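Reader: I'd like to go through the labels on this model one by one and hear what backs each of them. Can you show it to me?

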Amino acid sequence: MPLIVGGNRRKYHKWTILQLIVIKKIGNKYFMRTIIFLLTLITVVCKVTSGQVIDMHLHSYTDKNFWVGKAPNGFESSKNAKETLEQTIQKMNEHKIEYAVVCGSIESLEIYTKADKRFIAGYGDYEDTLISITKFEEYIKSGKIKVFGEIMAVYKGQTLADPVYQPYLAICEKYGIPVGYHSGGSFPNTQNLGWPKYRIALGDPFLIEDVLVKYPNLKLYLMHAGEHFYENTLRMMDGYSNLYVDLGVEMWINPMTKDFAVKFLKLAKVYGLLDRVMFGSDQMVWPEAITSSINFLEALDFLTKEEKEMIFYKNAKTFLGLKDK
Ligand SMILES: [Zn+2]
């Protein structure tokens, strides 16, 4: 079933013509306003709930690691871990999200995958140390870990090329486990948020080139598409055909990341690289980010209906090796 993006635009025009006919025929301005409001509402609802979506970038929490706060764009966070889970599922229902890679601790992944089978478990190294390599392989074999990510190396003063990640990457390559790596920037004053070793420069995709050389069959995606390093991301995607990206966080958090996303997508289109760009919301504790991200991508006029279908769904389906339902 195709994503009805262009189709909705055509529908929108039809609605607009209908609205004009109504304006002409009906003199009562209040009644007219109500009709216009209802028609616009139907248009918007159709626009954000149609089509297939795979979200490559969600986060999971437990009461132990949940946090609250206002997002840079003003979104209020959920009140607790349970509410984030419920609101995230609600958003997935609203937007017909078929699958979603959710990143978190093993404990949080157990809660999420039990609550909804659309969640694909992504183990992220949010703690100081990774789980043992033995456990990692055991969890991959048992299906407890299906994706390795979000890998937080840059927050620890490292990159994916650091020796600590190498045995884990070798296992991911062996079992065909996708790897999601944090690239680009982060929140203002990240050092004060508990990550003293974080540095913006570490988010440059060029710094992980050795990983792509060492593991030619690794299914790797750059989360946030390199953000401000988007030109380096594009160069790397051209150089390494197994490198994918997601647009997580870029499409909603602030005007700067939105600008990077637009510039990246426009160039990716010109360079013929859109078939490796995937949708991701990176909702964190703000599930409303899922709707914002979908609306942002749908509103980009320089992308065709087919290109949006690729980004929202098809590229992720290929990358994750998902079969037709
Ligand atoms: Zn993230």
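Reader: Why does Glu227 count as buried?

Author: First off, this is a predicted model. Buried means under 20% relative accessible area, and Glu227 comes in at 8%, so Glu227 counts as buried. You'll find Glu227 in the loop between β6 and α8 (230-239).

Reader: What makes the phi of Glu227 worth a remark?

Author: Most residues other than glycine have a negative phi. Phi of Glu227 is near 50°, a positive value in a residue that isn't glycine. Asp282 is another such case, with a positive phi of about 60°. Asp282 sits in the loop between β8 and α10.

Reader: How do you know that Asp282 is buried?

Author: Same test: the cut-off is under 20%. Asp282 has a relative accessible area of 3%, so Asp282 is buried.

Reader: Why is the site of the zinc ion called irregular?

Author: Look at the angles among the four donor atoms: they go from 76 to 166°. A tetrahedral label needs all angles between 85 and 135 degrees, so angles of 76 to 166° rule it out. The site of the zinc ion ends up as irregular. For reference, the ideal angle for four tetrahedral donors is 109.5 degrees.

Reader: What makes the peptide bond from Gly149 to Glu150 cis?

Author: Its omega is near 10°. Most peptide bonds are trans. Glu150, the zinc donor, is found in strand β4.

Reader: How do you know that β4 (residues 147-151) and β5 pair up?

Author: Pairing takes at least two bridges, and two bridges join β4 to β5, which run parallel. Phe148, for instance, has Val179 as its bridge partner in β5. With four bridges, β5 and β6 (residues 220-223) are joined as well, again in parallel, and there Tyr181 stands opposite Leu222. Helices come into it too: β4, helix α6 (residues 166-175) and β5 make a right-handed β-α-β unit, as do β5, helix α7 (residues 209-214) and β6.

Reader: Which way do the residues of β5 (residues 179-182) point?

Author: Val179 and Tyr181 point one way and Gly180 and His182 the other way, and all are buried.

Reader: What makes Asp125 buried, and what does its side chain reach?

Author: Asp125 has a relative accessible area of 1%, under the 20% cut-off, so Asp125 is buried. Its side chain reaches the backbone nitrogen of Met152 at 2.7 Å.

Reader: Why is the pair of Asp125 and Tyr165 called a polar contact?

Author: The cut-off for N or O atoms is 3.5 Å, and the side chains of Asp125 and Tyr165 make their contact at 2.6 Å. Asp125 is also in contact with other residues, including Glu150 and Lys156.

Key:
Residues numbered from 1 in each chain as written. Predicted model: local features only at pLDDT ≥ 70, side-chain atom pairs only at ≥ 80, totals over all residues. Heavy atoms only, no water. Donors = N, O, S within 2.8 Å, 3.2 Å for Na, K, Ca; no water. Tetrahedral: all angles 85-135°; square planar, octahedral: opposite > 155°, others 65-115°. Buried < 20%, exposed > 50% of the residue type's maximum accessible area, 1.4 Å probe, protein only. Polar contact = N/O pair within 3.5 Å; in protein donor to acceptor, adjacent residues only side chain to side chain. Contact = heavy atoms within 4.5 Å. Right-handed = clockwise from strand over helix to strand, strands pointing away. Lists of a residue's contacts leave out its neighbours within four places in sequence.
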